[in-house]
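Welcome! Here is a short tour for someone meeting this structure for the first time.

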Amino acid sequence: MPCMTEDTTFGPATRIVHHPYTPPDGFVAPQPGVFKASTVIFPNVAAMRSREWKDKSGYTYGLHGTPTTFILEERLCALEGGLQCVLVPSGLAAIANVALALLQPGDEVLIPDNAYGPNKDLANGELARFGIRHVLYDPLDPADLAARISPATRLVWLEAPGSVTMEFPDLCEQVRICRARGVTSALDNTWGAGLAFAPFDLAGDGSGSLAVDISIHALTKYPSGGGDVLMGSVITRDLALHMKVKLTHMRLGLGIAANDAEAVLRALSSIGLRYRAHDVAARRLALWMQEQPAVAQVLHPALPGAPGHVHWQTLCGAANGGDGAAAGLFSVMIDARYSQQQVDAFCDGLRLFKLGYSWGGPMSLVVPYQLASMRSRPAPHLQPGTLVRFSVGLEEVEDLRRDLQQAMGRAFGAI
Ligand SMILES: *Cc1c(COP(=O)(O)O)cnc(C)c1O
């Protein structure tokens with residue numbers, strides 16, 4: 001094809017900005033294109049006035065979607081079994097988007113005691129300032145959840161397993177309670193990632209008879225897989241609920257960047273393989289940790305005896321002798337006879353496990369936590385001690401095991 005004739009009545013600066021060439025349609029490649037826009041061009045005023053931004057029937061402004069973000073939304077719906085998706089700049093923004101969409105002064109939100117910490121911080125901060133109360137419930141006792149639902153309760157957060165301490169709740173029973181009481185349930189599905197269980201088909205029979213109302217996902221973790229993108233999603237199967245989330249999303253101006261969407265689209269195709277690899281490695285290390293004399297308790301939902309293990313088995317495919325699925329996270333309680341300084345020295349002494357927040361990337365990470373400030377109630381299922389959380393990356397498992405061994409030997413004496 002020859003180059004299109006240029007309009008020589010325009011100067012060169014104009015000619016390059018308003019260049020008339022458009023490439024042929026029909027380009028097909030494994031990955032979708034990266035469309036970048038704040039401004040979207042309309043053909044005429046009528047189109048500008050009539051074009052709808054609320055559904056995926058057209059394009060109006062970069063914040064409201066581009067072909068790249070629409071494709072990512074649809075693929076995430078496929079991953080989690082949802083019908084509508086909103087993309088936000090972080091997992092925490094997904095939590096905030098849901099809370100601000102559904103709650104108003106006088107309302108109550110219920111949060112599990114072992115929830116992702118910043119969810120509670122949001123409740124203590126902005127939600128409290130807006131006159132919204134939050135109540136913490138025991139994630140291991142559905143009766144406690146049921147008892148705490150009041151006429152003012154509008155939203156129940158669910159997390160399976162809980163952050164850091166990894167208790168696996170009876171998610172099905174929790175959802176049944178929310179359904180029976182007519183309260184919206186929102187699951188933080190970052191750990192399950194759409195792979196360990198189906199949030200919109202908890203019964204696992206394809207009927208969708210037992211489903212959360214909302215699933216939020218920190219795409220920062222396994223969907224990104226690189227430790228280099230911050231993003232979140234809010235997925236639903238109810239159009240009216242989606243529109244509430246979407247309108248708040250629009251009014252808050254929560255957009256994501258096209259290059260970030262592309263990074264997640266590239267990584268999403270391999271999420272199943274990566275998730276399985278993280279899971280296999282984490283279980284091997286968790287089992288090895290259980291044998292170590294300095295370790296009082298290993299918290300991993302796939303280990304027999306772990307808090308809520310039976311619920312993990314039922315929900316995550318391990319009930320009939322299968323391996324089930326379980327992400328790449330576990331925590332250990334270092335025996336109470338060791339001081340905080342010794343536990344810090346253990347973390348400092350690790351060479352492959354790096355000190356850093358978040359998880360889901362190729363590099364193994366470790367974080368020591370001070371649990372006392374993170375829980376509102378006693379947790380009799382936890383051994384006394386100092387908690388350390390591991391996120392297992394994609395390194396050779398034996399190298400990781402040796403790293404744990406050398407750091408333990410140095411910090412806690414010969415083992
Ligand atoms: C990391 C995480 C989030 C928040 O994701 P960001 O993208 O870091 O804001 C939310 N929930 C859970 C369970 C997480 O682990």
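Which residues does His 309 touch, not counting residues up to four places away in sequence? They are Pro 301, Ala 302, Leu 303 and Pro 304, where contact means heavy atoms within 4.5 Å. His 309 lies in helix H11 (residues 309–315), and with 12% relative accessibility it counts as buried. Buried means under 20% relative accessible area, exposed over 50%, and partly exposed in between (1.4 Å probe, protein chains only). Helices (H or I, at least four residues) and strands (E, at least two) are DSSP runs, numbered from the N terminus.

A word on the background: this is a predicted model, in which local features need pLDDT of at least 70, side-chain atom pairs count only at pLDDT 80 or more, and totals for chains, interfaces and linings use all residues. Residues are numbered from 1 along each chain as its sequence is written, and side-chain values use heavy atoms, with hydrogens and water left out.

**Aromatic rings**

The structure holds nine aromatic pairs. Rings of Phe, Tyr and Trp (its six-membered ring) pair if their centres lie within 6.5 Å; planes under 30 degrees apart count as stacked, over 60 as edge-to-face and the rest as tilted. Two of these pairs are shown here.

| Pair | Distance of centres | Angle of planes | Type |
|---|---|---|---|
| Phe 168 and Trp 191 | 5.7 Å | 70° | edge-to-face |
| Phe 346 and Phe 390 | 6.2 Å | 70° | edge-to-face |

Phe 168 and Trp 191 link distant parts of the chain, 23 residues apart. Phe 168 sits in the loop between strand E4 (153–159) and helix H7 (171–181), and Trp 191 in the loop between strand E5 (184–188) and strand E6 (214–218). Both residues are buried.

Phe 346 belongs to helix H12 (residues 340–349) and Phe 390 to strand E12 (residues 385–391), so their pair ties together parts that are 44 residues apart in sequence. Phe 346 and Phe 390 are buried too. They are also members of one aromatic cluster, together with Phe 330, Tyr 338, Phe 353 and Phe 412.

**Nonpolar cores**

A nonpolar core is a set of buried Ala, Val, Leu, Ile, Met, Phe, Trp, Tyr and Cys residues joined through side-chain atoms within 4.5 Å. The largest one has 61 residues, and Trp 191 is among those with the most contacts inside it, as are Leu 171 and Phe 197. Helix H7 gives the most to this core, with five residues. Beyond its neighbours within four places in sequence, Phe 197 is in contact with residues including Phe 168, Leu 171 and Trp 191. A second, separate core of 31 residues includes Ala 281, Met 289, Leu 303 and Met 408.

**Strands**

Strand E12 is part of an open sheet of five strands with mixed pairing, in the order E8-E9-E12-E11-E10. Two strands pair if DSSP finds at least two bridges between them. At the edges, strand E8 (295–299) and strand E10 (354–355) each pair on one side only. Strand E11 (residues 365–369) pairs with E12 in the antiparallel sense over five bridges, and Leu 365 stands opposite Ser 391 in E12.

Elsewhere, strand E7 (residues 232–236) contains Ser 233. Is Ser 233 buried or exposed? At 0% relative accessibility, Ser 233 counts as buried. Ser 233 and Glu 73 are 160 residues apart in sequence, yet 8.1 Å apart in space, C-alpha to C-alpha.
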